[in-house]
Amino acid sequence: MRTVKTYAVTIAIALLAAASSAHADEMRSGGKLVLTGGVTSVEGAAGGGLATWAVITGNETDAGIGASVNITDVPLTDFNLTAIGGKIGWRDRVEVSFQHITFDTRKAGAALGLGRNFRFDQNVIGAKVRIIGDAVYDQDRILPQIAIGVQYKLANQGAIIRAVGGRQSRGTDFYVAATKVVLSKSLVLDATMRLTKANQFGLLGFGGDKVDRYRPQFEGSAAVLLTPRLVIGAEYRSKPDNLGFAREQGGYDLFAAWSLMRNITLTAAYTDLGDIATFRSQRGAFLSLQGGF
C-alpha cells in the first residue's frame, strides 16, 4: 500500500509541477478572491469537506492555470480516514483531480473479523467542467455558477466488498453542482445533486444486496465569510443505503476554513458520518491542509 501512497504523492507533485510550468510561462497571477476556489472535498474535488462545489480549484481566473494539493485526516470514533491528492484548474473552466483515500478500521477491524488496523483504499479520478455562470463575479445576476462532474472510483478489497453484499469494487459518480457567493451578505451557498451507487463514498464498493441502481443524492453547503480569510459554515450530504448488513446514513459537518496566507488554507470541522459497518454514530474531527496557487 506504500506503493499506492507514493504513487498518489507523485501524482499530486506532478500536477503541481505541471501547473507551475504553465503558470511560469505566461499567465498572470491569480485574481480570484481568497477562499472562493473552495477547499478540498473528501473525494478530492474543490468544494467544502463533504460537498463538491461548482467552483474550480486554484487562485487563477479564466486567464490562467491554478492548482492545489491537499492532505486530509478524519479521525472518527472507531475508524480513521486519510486522504491525499492534487488537482488542476484550467482557465477557471475545467478541473482535473486525483485523490487517494485510506480507511483504517483500527480496533473495529478485529471486531469485524478483518484484523486490527485492516485498511480499505480507494483512488478517485475526477473531472469537472463549469457550464455557466460565475459564483463570484456575477453579482448582478441570481444565476449561480453551475458545473457538471464525474468521479471514477476504484476501491481495493474486492473480496471483502463482495462478502458484505457489495456488487462492484469500482464505479462512477456523476454530479451537477450550483454554487453562489453573495458578496453583499458574505454568504457562500451550494447545492449539488449526485448520481451514485457508492457505499461509504465507494470504500465499501458500489451497489449492494439491498439496492443496486443509481439514485440521486443531495449535497448542500451554507457558509459565512466572517473576514476575507475566514469562513465558517455547515454541510449536509445524503448517502445511499445499499447494503443489507449495515445501515448507511447521511453525514454533516460544521466547519471553519482559514486562509493562513493566499496559498495555504487550513480547514477544521466537526463531522458526523452516521453509522459505518454496524458501528454507531461515527463522529470526530475533519482536518485538511491545502496548498496551491
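**View 1. A nonpolar surface patch of about 940 Å² in the predicted model****.** The patch is made by Val-129, Ile-131, Ile-132, Ile-148, Val-176, Met-193, Phe-218, Tyr-236, Tyr-252, Leu-254 and Tyr-270; patches consist of residues with over 30% relative accessible area and no salt bridge, with like charges joined within 9 Å and nonpolar side chains (Val, Leu, Ile, Met, Phe, Trp, Tyr) within 5 Å. Accessible areas come from the Shrake-Rupley method with a 1.4 Å probe, and for residues only the protein chains shown count as cover. This is a predicted model in which local features need pLDDT of at least 70 and side-chain atom pairs count only at pLDDT 80 or more, whereas totals for chains, interfaces and linings use all residues. Residues are numbered from 1 along each chain as its sequence is written, and side-chain values use heavy atoms, with hydrogens and water left out.

**View 2. Strand β6 and its share of the nonpolar patch****.** Strands β6 (119–132) and β12 (251–261) each supply at least two residues of the patch, and the largest share, three residues, comes from β6; strands (E, at least two residues) and helices (H or I, at least four) are DSSP runs numbered from the N terminus. Ile-132 is found in β6 and, with 40% relative accessibility, counts as partly exposed, a class that lies between buried (under 20% relative accessible area) and exposed (over 50%), with a 1.4 Å probe and protein chains only.

**View 3. The salt bridge between Arg-194 and Asp-173****.** The two side chains meet at 3.0 Å, N to O, where a salt bridge is a side-chain nitrogen of Lys or Arg within 4 Å of a carboxyl oxygen of Asp or Glu. Because Arg-194 lies in strand β9 (residues 187–196) and Asp-173 in strand β8 (residues 170–182), the pair ties together parts that are 21 residues apart in sequence. Arg-194 is buried, at 1% relative accessible area, and Asp-173 is buried as well, at 0%.

**View 4. The salt bridge between Asp-212 and Lys-197****.** These side chains meet at 3.1 Å, N to O, and both residues lie in the loop between β9 and β10 (215–227), so the pair ties together parts that are 15 residues apart in sequence. Asp-212 is partly exposed, with a relative accessible area of 37%, whereas Lys-197 is buried, with 15%.
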